[in-house]
Amino acid sequence: MTTAVKSLPTHREVTELPSLDEIAFGEVLAMSLSTPTTHGTHGLHRFPAKFVPQIPRWALREFSHPGALVVDPFVGSGTTLVEALRYPVRAIGIDLDPLACAIARAKADVPNLEDVRLAWSRVIARWPHVPVPANVPMSGVDNPGHWFSEGARSELDGLFRAIEAVEMNARTRAFLHVAVSSVLRRVSNADDQSMKTYVSHTNPKDPPAVRAIVGKSVDRAIAGLASLENMRNSRAEMPRVLHADARELPIESSSVDLMITSPPYLDSVDYQYNLMAEYFWLGPLVGAESRDDFNLLRRQATGAKNPLSETLHVPKSVAGLLSAEHVPHDRWRSTVSYLQDLDTHLAEAARCLKRHGIYVMVVGNSGSRNGEVPLHDCLTRMAASRGLSLEHAFGYRVRRHYMKFPRKGRGGIILVDWVLVFRRVMDATPSPDRLPLLGWTLPPDAVAN
């Protein structure tokens with residue numbers, strides 16, 4: 001049962017974001033819970049902490065033009081790319097997470113609708129009904145039975161083998177892989193009530209049979225594909241997804257008109273771990289063959305809890321803004337690594353953007369037992385040092401957390417994301433004024449929204 005959050009200050013509720021000149025600097029808006037967020041292929045596959053499609057749609061409406069090159073350097077599951085199909089622009093998504101790239105391609109670099117329907121009907125006909133012993137495809141998973149029952153492993157193994165056996169083009173096969181992946185958490189033994197992949201012993205799960213839900217899920221995916229065709233601009237180019245690092249963008253200098261992204265949250269969301277059930281099956285298809293490969297991916301990501309970087313220093317531009325006193329000792333290393341990574345990325349973004357090009361970045365301030373970490377201020381100062389001038393900033397209330405149990409006052413939920421609008425200028429600019437620290441929290445018995 002959802003508990004209303006009555007202790008938070010009032011804020012303007014909207015179904016779509018207003019024009020830039022109708023939003024006050026520092027204002028906080030709230031997206032109505034009745035606002036749809038899964039139209040087209042947006043709902044194809046779950047993904048942790050993805051931003052609502054209204055944000056990139058607003059940015060594209062406000063700042064793009066026909067033929068513009070639009071880049072999302074932390075593309076995640078492809079929300080920006082799907083929205084870019086509404087506009088006559090060229091869009092590129094970049095991510096270091098190979099599963100994220102696969103999901104983004106399936107959602108935005110879409111196959112022919114009739115090809116998918118025909119291929120799926122042939123897969124269903126070929127899907128074996130005789131159970132066979134099977135493990136998960138990723139090597140190094142010592143306890144597959146902990147995560148999936150023997151029956152589920154057998155059914156899924158037969159289904160993926162059928163997808164490989166049926167003749168179809170690569171784009172169609174990739175779409176079906178992701179459509180089937182969308183049910184993997186549900187048919188696993190892992191808890192469905194939070195993003196984290198774990199098997200609850202206090203609330204054991206009775207997962208549904210694979211055949212009972214996979215057909216419905218793929219049918220919904222195909223319906224989403226049909227819906228996307230209806231919303232797509234006839235002059236929109238098919239987006240491209242590049243498996244690459246935002247700290248070293250494979251983009252030509254001074255070529256980008258508009259960047260839109262929501263970088264990973266700091267030490268709040270372990271993206272790969274939250275998709276571990278999906279990685280067990282799709283990992284070998286996207287380049288993560290083993291559990292060791294998977295563990296390395298978790299440490300390479302911006303925002304990793306246990307980053308690979310050993311040489312740590314707070315960027316000079318945020319000196320005095322953040323110190324070890326503001327961040328608990330056990331989070332200091334990941335916090336500094338995160339800031340270093342984003343500082344490097346902002347330098348790359350400045351290199352790639354045209355003069356006066358726009359960068360719309362969405363970031364949430366992490367909370368800790370020492371208080372709210374002012375990441376929005378850190379980013380605006382680092383951006384200013386790289387020649388990205390803060391033009392506007394406003395917040396929006398995060399309403400869906402994929403968290404269906406009370407947090408009992410433990411925190412861990414980001415309640416407001418900040419939309420930062422930067423403009424590329426030629427030289428470093430003065431550090432902007434501080435943005436508000438709201439300090440909002442949920443009551444102990446509050447859940448989801």
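1. How many helices and strands does the protein have? There are 14 helices and 11 strands. Keep in mind that this is a predicted model.

2. Confidence comes next. The mean pLDDT of the protein is 87. Of its residues, 88% reach 70 or more. Residues 1-8 have a pLDDT below 50, with 16 contacts in the model beyond near neighbours in sequence. Residues 401-412 also have a pLDDT below 50, and this stretch has 31 such contacts. Where pLDDT is low, the predicted coordinates should not be read in detail.

3. Now the overall packing. The protein has 449 residues, and 57% of them count as buried. Among contacts with a separation of 6 or more, 77% join residues 24 or more positions apart. The accessible surface is about 18,900 Å². Carbon and sulfur atoms hold 50% of that surface.

4. The whole structure contains 7 aromatic pairs. One of them joins Trp58 and Phe394. Their ring centres lie 5.3 Å apart and their planes meet at 80°; planes over 60 degrees apart count as edge-to-face, so this pair is edge-to-face. Trp58 belongs to helix α1 (residues 54-63), while Phe394 belongs to strand β10 (residues 388-397).

5. Is Trp58 buried or exposed? Trp58 is buried, because its relative accessible area is 0%. Phe394 is buried too, at 0% relative accessibility. Trp58, Phe63 and Phe394 form one aromatic cluster.

6. Two charged side chains also deserve a look. The charged end of Arg211 sits over the ring of Trp127, 4.0 Å from its centre. Lys196 lies over the face of Tyr198, at 5.9 Å from the ring centre.

Key
Residues numbered from 1 in each chain as written. Heavy atoms only, no water. pLDDT = per-residue confidence, 0-100. Contact = heavy atoms within 4.5 Å. Helix = DSSP H or I, 4+ residues; strand = E, 2+ residues; numbered from the N terminus. Buried < 20%, exposed > 50% of the residue type's maximum accessible area, 1.4 Å probe, protein only. Areas by Shrake-Rupley, 256 points an atom, 1.4 Å probe, with all protein chains shown as cover. Phe/Tyr/Trp six-rings, centres within 6.5 Å; stacked < 30°, edge-to-face > 60°. Lys NZ or Arg CZ within 6 Å of the ring centre and 35° of its normal.
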